[in-house]
Amino acid sequence: MMTRQLGYVVRLARKNMWRHRLRTLLTIAGIAVAIVSFGLLRTVVDSWYAGAELSSSGRLITRSEASLSFSLPVTHGERIRRLPGVEGVTWANWFGGIYIDEKHFFPQFAVDAASYFKLYPEFRLPPEQLAAFLRDRRGAIVGRKTAAKNGWKIGDQVPLKGTIYPGSWSFTIRGIYTGADDKVDESQFLLHWSYINEAIKAVLPSMADRVGVFVVNIQQPGQAAAMSAGIDSLFRNSLAETRTETQKAFQLGFIAMVDTILVAIQTVAYVVILIIMAVMANTMAMAARERMREYATLKALGFSDRFVAALILGESLSIALAGGLLGIALSFPLAEGFFRATRDLFLVFEITPSTIAQQLISALLIGAVAALAPAWNSRRIAIVDGLRAVT
Amino acid sequence: MSTGLSLSYVARNLIARKLTTILTASGMALVVFVFATVLMMAEGLRQTLGGTGLPSNVVIIRQGSQTEVQSTLSREQANLIATLPGLASDAAGQARLSREVLVLVNLPRKDGSGMANVVVRGTTPVGLQLRPQAKLVAGRLFRPGSSEIVVGSGMARGKIGLALGDTLSFGLRAWTVVGIFDAGHSGFDSEIWGDSGQMLQAFRRGAYSSMVVGLRDTASYGRFAEALAQQPSLKVDIKRENRFYADQSEKLADFISILGKTITVIFSIGAIIGAMITMYASVANRTREIGTLRALGFRRGNIVMAFLKEAMLLGLVAGVIGLLLASLTQMVEISTTNVQTFSEVVFGLVLTPDIVLDVLLFSILMGVLGGVLPALRASRLEIVDALRSS
């Protein structure tokens, strides 16, 4: 008996759904747009955090206690290296030069050439290119992505205008690194710290022998907290106090700076669901109002209130689900296009299973909420009033 | 005189279908709300940083360094600049200039969302005179030669939440907050000010970050710039103070408005579809009524206009609701990192007449786009068929 009724509901709901073909199609399109944008916005937020999730937990970053705009003396490196449990130390300075103009931005670091690539094994560089870089003090190693974007090849000259280190600089590309997997940042431009240091000694001696961050490799990643505290205590109450944290925490710190924007994107993602809820609720309200007489007829024939409510809910859920599935299907090509259009912004841009689940749940929620008011009304209305209703 | 259908006819059509009108208008109002807040946010940021500084002051930084934090100026450079013409002088005949030190200091945000990079500015009594817009609202000024600081009102409110009597430790010293100043919602409100000489000592720096000089009048900028250009050994960049800070808001403001407008465009598709559904239903429900109107002598054009007006009115209602909601957000203050200077900036959302106009036009346009197809369908109905329909 129950199954037979259920069969009726499904068939009737399906028929009802296509009575106003244009309206239903428009509604499905509206829901699909909402689900796509919800998915994209969620993916933008996820991808922002993705970079930090991927970094090795065995690496610590040591920087000045006051803030990143302060540098540390390079001699700190030797003292950190002597600490038991430390496997390797290298360092980097933000160079911040301008190539052509500010729109051609890519991150540039002055690094300790000899040790840097040992600590970053995920930067794959052919040995002969590394050797060529080590030989040429004015050489540079560039990531595959930045090289491709600017059309550079090995041997090209790259002129940079210094912002932190004044003057005009020119570097020769000696190698192009690739990431061990597609989650490695392939946009960096690496040059010799020792070269910059010597050049700056002549003009601005106060900036010489200074380091922005130390990268410390530790033997046991589980000891990260204790090692960080150990490094910081070495320099407590000195002129250059330090703050050490895991690379992941360091990167999350950067993300926290723009968290207001991320919160705004999250909020907006939920607002879009609300918008489409109003649109969908409207569609269902209109459909139900037009069919008040039919519903009264069904009730007069002996069908229960629940049957009529199920009919409305079934129609609403079917439309919402159709829109939701279409939206999820469209998300993938759109995310691909979005990623290609903003290549420099994100390392990875993947729709996660949890995003898909949220999209599906949102679609069903939209359908359920939209059916609430009409279903409630249909239960309340007396048969005579329904039969008499003017649409 | 107009022979079209009256506006009250149009309005009453909307009122007749209350639930549908409310649902459609609220969907559109949410889109309008998002659009308006984005514009207000970008405007608030522009006004905050653009309203920082005076056109009669000039900021001098090292060539190519772009921000005050990255810049360094030696004592020799500073002394040479002091001798250039075009500068205002005080009663004692000294040029009005302030040698300043700028550093970024990490302070924790109160809501636990990590650390903020706050600008700490070492300034001088002349530097304070050059910024008359910064007025003390609590406590007193820092004493020159002491480890005292005054904080901007943006740092006293909101996420950083500094109060009188707090001590901050940086540069191996404890600094006491002795005053809070307000600079009329400008970028200075997000800064901490102390004594320039003390900052140099605390951070063991041999050079200043930047220099701020007062011009004799706004017009003498050209003379000063020319005199500076004749000293090629100086290697500095200059900008009027207000321009200098306005330029620093550009990237973040652009980012906010591009992201916001993209989102708005996508959302408005949803809202337009909503309006379209409503208007199609409105046409379908009134087929006979339309036939009657035509039989009475109203032309196709009159019918199109009536439905278009209905859609526009729907958009307008949504626009007004959205704007009212958005105007409430003016109470919100945002504290985030300016990507260009890497430092914390506090700003509010600002509603301007221009934004009101843009938003209303946008919401009416949404209504029109949603209404145009249904209106055309209504006008194409044949009188006889329309009258015969049930």
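These legends describe views of a predicted model with chains A and B.

**View 1. The whole predicted model and its scores.** The model scores ipTM 0.73 and pTM 0.80. For chain B, the mean pLDDT is 88, and 99% of the residues of chain B reach 70 or more. Where pLDDT is low, the predicted coordinates should not be read in detail.

**View 2. Chain A, overall form.** Chain A contains 14 helices and 12 strands. The C-alpha trace of chain A spans about 95 × 45 × 35 Å along its principal axes. Chain A has a radius of gyration of 31 Å, whereas a compact globule of 391 residues would have one near 21 Å. Of the 391 residues in chain A, 41% are buried. Counting contacts in chain A between residues at least 6 apart in sequence, 81% join residues at least 24 apart.

**View 3. The two domains of chain A.** The domain assignment places residues 2-52 and 259-388 of chain A in domain 1. The C-alpha centres of domain 1 and domain 2 of chain A lie 51 Å apart.

**View 4. The side of chain A that touches chain B.** In this contact, 40 residues of chain A meet 47 residues of chain B. Three helices of chain A each supply at least two residues of this side: H2 (21-53), H9 (247-257) and H10 (259-290). H10(A) gives the most, with 16 residues. By class, this side of chain A has 25 nonpolar, 12 polar and 3 charged residues.

**View 5. Chain B, overall form.** Chain B contains 13 helices and 12 strands. The principal axes of chain B give a C-alpha trace spanning about 95 × 45 × 30 Å. Buried residues account for 51% of the 390 residues of chain B. Among contacts in chain B with a separation of 6 or more, 85% are between residues 24 or more positions apart.

**View 6. The two domains of chain B.** Chain B is divided into domain 1, made of 7-50 and 250-388, and domain 2, made of 64-234. Taken over C-alpha atoms, the centres of domain 1 and domain 2 of chain B are separated by 46 Å. The contact between these domains takes 12 residues from domain 1 of chain B and 16 residues from domain 2 of chain B.

**View 7. The side of domain 1 of chain B that touches domain 2 of chain B.** One helix and two strands of chain B each supply at least two residues here: helix H2 (18-50), strand S11 (333-338) and strand S12 (343-348). S12(B) gives the most to this side of domain 1, with 5 residues. The residues on this side of domain 1 of chain B divide into 4 nonpolar, 6 polar and 2 charged.

Terms used:
Residues are numbered from 1 along each chain as its sequence is written. Chains are lettered from A and ligands numbered from 1 in the order in which they are written. This is a predicted model: local features need pLDDT of at least 70, side-chain atom pairs count only at pLDDT 80 or more; totals for chains, interfaces and linings use all residues. Helices (H or I, at least four residues) and strands (E, at least two) are DSSP runs, numbered from the N terminus. The radius of gyration is taken over C-alpha atoms; the globule rule is 2.2 Å times the number of residues to the power 0.38. A residue is buried if 20 or more other C-beta atoms lie within 10 Å of its own, exposed if 12 or fewer, and partly exposed in between; C-beta atoms are placed from the backbone. Two residues are in contact if their C-beta atoms, placed from the backbone, lie within 7 Å. Domain bounds come from an automatic or database domain assignment. Ala, Val, Leu, Ile, Met, Phe, Trp, Tyr, Cys and Pro count as nonpolar, Asp, Glu, Lys and Arg as charged, and the others, Gly among them, as polar. pLDDT is the predictor's confidence in each residue, from 0 to 100.
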